[in-house]
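Biologist: Hi! Could you walk me through this one while I have it open on my screen?

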Amino acid sequence: MQTSIIPIFIPHIGCPHRCVFCNQWQITGHQGLPSPDEVRRLIASYTASARTPRHWEVAFYGGSFTAMPGEVQEGLLQPAYEALEAGTIAAIRCSTRPDCITPEILQRLQQYGMTCVELGVQSMDDTVLEQARRG
Ligand code: SF4
């Protein structure tokens with residue numbers, strides 16, 4: 001079955017720094033944080049548009065998901081989790097920074113059914129990271 005992503009953009013939300021090479025407002029064409037209702041609407045709209053069954057994955061992209069306040073993460077995860085429980089989608093994923101992951105954060109993500117966390121590791125060289133203003 002074909003896998004399709006339902007992108008939920010959180011442009012630069014949670015990012016503790018603005019990396020010089022990254023402009024998520026331009027890349028995603030979105031500004032600001034979506035509401036839980038918007039997440040619900042996006043899931044319904046994407047899944048209703050397909051003519052054939054798909055392996056749908058909700059993906060929180062464009063910012064540092066796990067660096068947002070816990071209640072904000074949970075607010076966005078709740079509608080995705082409901083869709084997962086209902087069988088409307090098959091998976092939930094997010095992208096974040098390697099320094100914004102702790103065992104507690106992973107536990108929260110797991111509680112909401114997330115199975116994939118994409119870690120942006122742009123460089124292992126501190127000088128490069130410093131010059132990229134990545135923190
Ligand atoms: S942390 Fe990631 S999303 Fe945020 S500015 Fe840097 S590269 Fe972009």
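Predicted model: local features only at pLDDT ≥ 70, side-chain atom pairs only at ≥ 80, totals over all residues.

Biologist: Good to know. Where does Thr-28 lie, then?

Modeller: Thr-28 lies in helix α1, which covers residues 24–28.

Biologist: Is Thr-28 buried or exposed?

Modeller: Buried: its relative accessibility is 13%, and the cut-off for buried is under 20%.

Biologist: And what does the side chain of Thr-28 reach?

Modeller: It reaches the backbone nitrogen of His-30, at 3.1 Å. If you leave aside neighbours within four places in sequence, Thr-28 is also in contact with Phe-9 and Pro-11.

Biologist: What about Gln-24, which helix is that in?

Modeller: Gln-24 is in helix α1 too. Gln-24 counts as buried because its relative accessibility is 15%.

Biologist: Which residues is Gln-24 in contact with, leaving aside its neighbours within four places in sequence?

Modeller: Pro-11, His-12, Gly-29, His-30 and Gly-62. Pro-11 also turns up among the contacts of Thr-28.

Biologist: Nice. Switching to the sheet: what is the order of the strands?

Modeller: The order is β1-β2-β3-β4, in an open sheet of four strands with parallel pairing. At the edges sit β1 (3–9) and β4, each pairing on one side only. From one strand to the next, the twist averages 25°.

Biologist: Which helix packs on the sheet?

Modeller: Helix α3, residues 70–86, packs there and touches β2 (55–61) and β3. The direction of α3 makes about 150° with that of β3.

Biologist: Let's zoom in on β3 and β4. How many bridges join them?

Modeller: Four bridges join β3 (residues 91–96) to β4 (residues 116–119), and the two strands run parallel. The chain gets from β3 to β4 through helix α4, residues 103–111, in a right-handed β-α-β crossover.

Biologist: Great, thanks for the tour!

Notes
Residues numbered from 1 in each chain as written. Heavy atoms only, no water. Pairing = 2+ DSSP bridges. Right-handed = clockwise from strand over helix to strand, strands pointing away. Buried < 20%, exposed > 50% of the residue type's maximum accessible area, 1.4 Å probe, protein only. Contact = heavy atoms within 4.5 Å. Polar contact = N/O pair within 3.5 Å; in protein donor to acceptor, adjacent residues only side chain to side chain. Axes fitted to C-alpha atoms, helices over the stretch in contact; angles between N-to-C directions.
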